[in-house]
Amino acid sequence: MIPFTLEKARNAEQAIAAAAAGARYIAGGTTLIDLMREEVERPERLVDINALPLAEIRVENDVLVIGALARMADVAAHPEVQARQPLIAESLIEGASPQLRNMASIGGNLLQRVRCPYFRMLDAPCNKRDPGSGCSALDGLHAGHAILGTSDHCIATHPSDLAVALVALDVTMRVLGPQGERSFPVEDLFRLPGNAPHLEHTLLPGELIIDVQVPAGAYSRRARYLKVRDRASYEFALVSAAVALDIEGGQIRQARIATGGVGTRPWRMRAVEEALAGKPPQRQAFEAAAQLAVREARPLRDNHYKMELLPRTIVRALELAGEVA
Amino acid sequence: MTTRVIGKPLPRVDGRAKVTGSARYAADFNQPGQVYAVIVSATAGLGRIAGVDSAMVESMPGVIAVITHRNAPRLPYGEHKSYIDPAVGERLHVLQDDRVRFYGQPVAIVVADTLDRAERAASSLKLAYEAERPIVDPADPTVEAIVPEGARHADTSRGDADAMLAGAPVMVDETYDIARENHNPMEPHATIAAWSGDRLTLWSKSQFVVNEQAEIAAIFGIPPENVQVICPFIGGAFGTSLRTWPHVTLAAMAARQTGRAVKLVLTRKQMFFTTGHRPRTLQRIAIGANADGRLTSLIHEGAGETSRYEQFTEALTSASGYIYSCPNVRTRYRLRQLDIGTPNHMRGPGEASGIFALECALDELSYSLGLDPIELRRRNEPEIDESDNKPFSSRSLMTCYDVAAGHFGWSRRTPEPRSMRDGRLLIGMGVASATYPAYHAPSSASVRLLPDGTAEVAVAASDMGPGTYTSMTQVAAETLGLPVEQVRFSLGRSDYPPAPSHGGSWTMASVGSAIRAACIAVQEKAVRQAVADQRLTVFGGAVDAIEWTGGRLRRRGDPSPGQSYGDIVSSLGKPIEAEASSQRDPDVAERYSMHSFGAVFVEVAVDPDVGTIRVRRAVGAYGIGRVVNPRLAASQCTGGMIGGIGMALMERTVLDPRDGRPVNAHMADYLVPVNLDIPKLEAHFVEEVDPHVNPLGVKGLGEIALVGMAPAVANAVFHATGKRVRTLPIRIEDVLTV
């Protein structure tokens with residue numbers, strides 16, 4: 001590990017001032033420390049934000065507010081989360097092993113780095129780690145990589161399960177920075193790689209995630225997260241789907257669908273959602289709509305199976321959501 | 001009043017030490033003044049080191065030494081090979097030249113006063129390479145299949161398998177591709193090396209401490225008695241610590257260069273480079289049968305990958321010669337040399353891969369014949385080992401099928417693929433045979449009877465998890481007639497009486513028999529000394545008139561309790577010691593074919609939508625001779641079955657064809673089963689008395705527990721889905737489309 005300084009922020013102002021001067025935030029550290037050990041991340045200055053009062057989980061006017069420092073385990077176990085937004089609880093449980101859930105924060109989860117193996121190998125070119133050096137995965141081994149939102153510079157998938165659920169649920173996030181506070185949809189946090197894959201998110205220098213705000217919807221409780229992988233736990237998604245359905249009178253009024261493991265960012269499936277509106281919540285309708293998920297996909301040599309697996313995962317997640325009483 | 005302890009389900013005698021953390025593993029033996037070494041691994045897959053810029057690193061804080069091929073001492077690398085090393089080729093000479101033979105080869109070692117500084121220095125060291133593109137795919141058409149010089153049975157043939165295949169009424173002819181696996185035990189390889197003059201002590205993770213002693217002595221050109229290897233505990237190994245790999249040499253080299261005790265622990269990533277792996281194998285099985293299911297022809301051709309500098313061989317095709325009855329059998333074993341590190345034995349070496357192909361092919365044949373797969377095997381049950389015309393010392397394969405089928409509930413299975421469901425899940429049930437040779441290697445053991453009535457037993461053996469400490473204590477306690485609490489068994493030091501490598505499922509047979517012999521010898525000695533001691537009640541008795549049972553000596557027919565070993569030793573004033581050896585009687589070995597057999601049943605559930613494959617339960621029955629400790633045996637079987645699930649559905653080391661790097665050298669990316677993947681696993685041991693294999697009647701269990709699991713899973717996946725997958729591991733993408 002490369003030497004670094006560590007300071008503890010007592011309040012948001014101190015934290016933001018440090019970050020604006022170049023420090024990196026550290027909360028649970030489950031991604032950052034790991035990457036620092038491998039010297040993929042080389043921060044010179046860390047600011048520990050764990051003392052900040054941002055771990056609260058509460059309900060305000062039907063909106064579930066989850067503090068950025070709340071731990072994955074605490075959020076997943078919270079009665080209001082389970083009752084109001086079961087999709088979030090399920091995505092958290094599926095998202096990490098218990099040890100990691102106990103440490104990892106919600107803000108950190110959203111900002112975790114990619115799982116592309118070449119990103120973690122210092123002797124392999126990677127545009128995300130070393131801009132302009134090239135993408136090793138493109139001509140290398142990429143069975144786990146993205147089929148949506150890729151560019152010639154990066155094909156890594158976004159690894160967060162929680163982010164997929166938050167994007168499906170139209171969650172907004174509140175951030176505080178040197179220029180003050182602002183709110184925007186979680187979906188807008190993530191950039192496409194384009195020709196600058198090292199720029200992963202839209203936070204301004206020094207900005208600190210305060211909380212995420214989950215609106216209540218008629219679809220919130222009829223929601224499931226399905227994560228498909230070769231082993232039952234402790235593996236990133238090959239494909240995942242977060243689905244929330246508003247069903248009334250035997251018809252889908254509104255569907256919310258986002259997918260993971262397929263896109264360079266959590267991928268909202270608006271065409272599929274639109275195709276489902278007004279349809280009966282039945283397999284035939286699910287299958288027809290799910291085909292639209294891969295319409296714009298660009299598979300590579302090793303990840304062609306995702307063209308088949310993605311629609312199937314959406315169909316199955318829709319079925320699961322439809323079965324929720 | 002013999003204490004019957006063999007066969008009892010004793011808890012592990014070392015269990016408390018392990019769970020309380022007092023058991024010391026190699027890296028726990030920190031030495032005074034110790035410094036830390038970190039290996040720099042090649043980042044080219046083939047070529048030569050064109051430049052080393054070490055000046056900057058040498059001036060980094062705490063750095064004590066930077067050793068590369070340019071300044072490393074030229075080591076003698078004296079001739080030394082044990083049976084655990086490939087018979088052909090020469091081991092990697094580390095830091096002796098500028099050649100890079102495979103990705104990850106050690107190219108430098110950096111020593112610093114703290115681990116952190118050594119890591120920093122190692123990652124800062126700049127090496128330049130003249131790199132070439134390596135060939136790392138055994139299926140690459142440019143790779144030639146060579147006849148292994150070392151293998152005794154590269155080609156075998158009886159009858160005319162090819163002609164009979166051509167005319168067979170029913171036929172299966174398929175190819176199989178099994179991925180490379182890395183052992184990935186929990187404990188990484190670790191060595192602490194300390195020199196005192198020209199004497200070297202190594203606290204080093206090893207499954208074969210006496211071989212590590214001899215190997216390092218040969219490499220450094222010093223007498224073996226100058227090297228002491230200590231390894232009382234092993235945190236899993238699966239074969240990776242059988243050989244002495246380059247890091248041990250590097251630790252000793254760095255310790256000598258710096259004059260300090262040096263600690264070297266491999267990173268998880270480095271565990272994929274230079275510590276062996278199960279070789280990827282490419283196989284063909286062709287079976288011809290009559291309409292009634294009797295085999296008329298069996299062809300098994302296989303090739304394993306190996307390095308360019310050594311020919312690693314394993315018994316890939318040998319089981320095909322004896323497991324079933326078939327008059328026409330041809331086997332062929334080849335090697336494909338690649339720009340990779342040398343593979344080595346991994347749990348169930350050879351058989352695990354070969355049996356996968358054979359048992360999957362047999363399953364296919366059962367569908368072609370419309371015959372139950374167990375019935376197919378029953379119809380081809382041999383009278384003798386037809387590969388060498390010897391009777392089996394014991395063979396319980398069909399009993400294993402019967403026992404396991406009953407526990408599993410095979411009769412509930414409907415044979416048609418995709419015919420069984422649980423809700424929307426596709427259910428599949430599969431079976432496979434398992435077999436592994438019952439070896440018995442020469443071993444020694446020593447016993448000391450002490451005045452307090454206890455006994456000390458020592459062998460340079462190892463315990464990588466099967467429970468050697470416990471089972472050997474049971475053998476000694478049983479033979480001495482002492483309670484287990486009065487027996488202390490020690491292992492893992494090269495100055496103890498030599499043991500064979502801790503692998504090949506032969507530790508119980510080999511070390512156990514030696515301990516039994518030493519315990520008998522020490523009691524005979526006790527009798528001789530006791531009858532000559534006038535203070536003892538047995539004084540003056542004829543040696544053959546003294547009986548020893550229950551840890552006591554008495555004159556035959558004497559109703560008195562007699563005299564305990566503690567009394568005798570106290571009276572003599574010094575411990576009674578004996579050392580003895582054991583090996584298989586060559587005459588018996590000449591007369592019998594000795595193998596373990598087992599039957600494995602697996603149920604899988606496959607999600608028809610998203611293709612996830614989960615093992616729901618597994619039942620194995622094994623004929624392994626006498627079971628010394630049923631609790632340990634069940635645990636060993638569970639571990640082997642889990643390894644088999646890994647082999648079947650998860651484990652594979654993926655190499656980037658451009659430079660040969662393993663791209664998933666990380667526990668998040670190299671998948672092994674986690675708790676959630678492991679359902680109820682059942683192991684049953686059939687009653688089997690084998691008077692021939694060895695005095696204890698044990699046949700070994702470590703390997704056979706894994707062999708058979710992967711084909712049973714694959715056959716269950718076929719039964720569930722109708723999709724026959726002949727590559728391992730079987731993954732979601734393999735079953736998505738039928």
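**Strands, domains and the chain contact**

Mentor: This is a predicted model, by the way. Let's start in chain A, where β2(A) runs parallel to strand β3 (residues 45-48) and three bridges join the two.

Trainee: Which residue in β3(A) is the bridge partner of Ile26(A)?

Mentor: That's Asp48(A).

Trainee: And what's the order of the strands in the open sheet?

Mentor: The sheet has three strands, ordered β1-β3-β2 in chain A, with parallel pairing. β1 (5-8) and β2 (24-26) of chain A have a single partner strand each, so one side of each has no neighbour in the sheet. From one strand to the next, the twist averages 30 degrees.

Trainee: What packs on the sheet?

Mentor: Helix α1 of chain A, residues 12-20, touching β1, β2 and β3 of chain A. The direction of helix α1 makes about 165 degrees with that of β3(A).

Trainee: Okay, zooming out. How is chain A divided into domains?

Mentor: Domain 1 covers 1-51 and domain 2 covers 223-323. Taken over C-alpha atoms, the centres of those two domains of chain A are 36 Å apart.

Trainee: New topic: how many residues does the contact take from chain A and from chain B?

Mentor: 22 residues from chain A and 26 residues from chain B. On the chain A side, helix α12 (residues 305-323) gives the largest share, seven residues.

Trainee: How do the residues on that side of chain A divide into nonpolar, polar and charged?

Mentor: Eleven are nonpolar, three polar and eight charged.

Terms used:
Residues are numbered from 1 along each chain as its sequence is written. Chains are lettered from A and ligands numbered from 1 in the order in which they are written. This is a predicted model: local features need pLDDT of at least 70, side-chain atom pairs count only at pLDDT 80 or more; totals for chains, interfaces and linings use all residues. Two residues are in contact if their C-beta atoms, placed from the backbone, lie within 7 Å. Helices (H or I, at least four residues) and strands (E, at least two) are DSSP runs, numbered from the N terminus. Ala, Val, Leu, Ile, Met, Phe, Trp, Tyr, Cys and Pro count as nonpolar, Asp, Glu, Lys and Arg as charged, and the others, Gly among them, as polar. Domain bounds come from an automatic or database domain assignment. Two strands pair if DSSP finds at least two bridges between them. Axes are lines fitted to C-alpha atoms, for helices over the stretch in contact, and angles run from 0 to 180 degrees between N-to-C directions.
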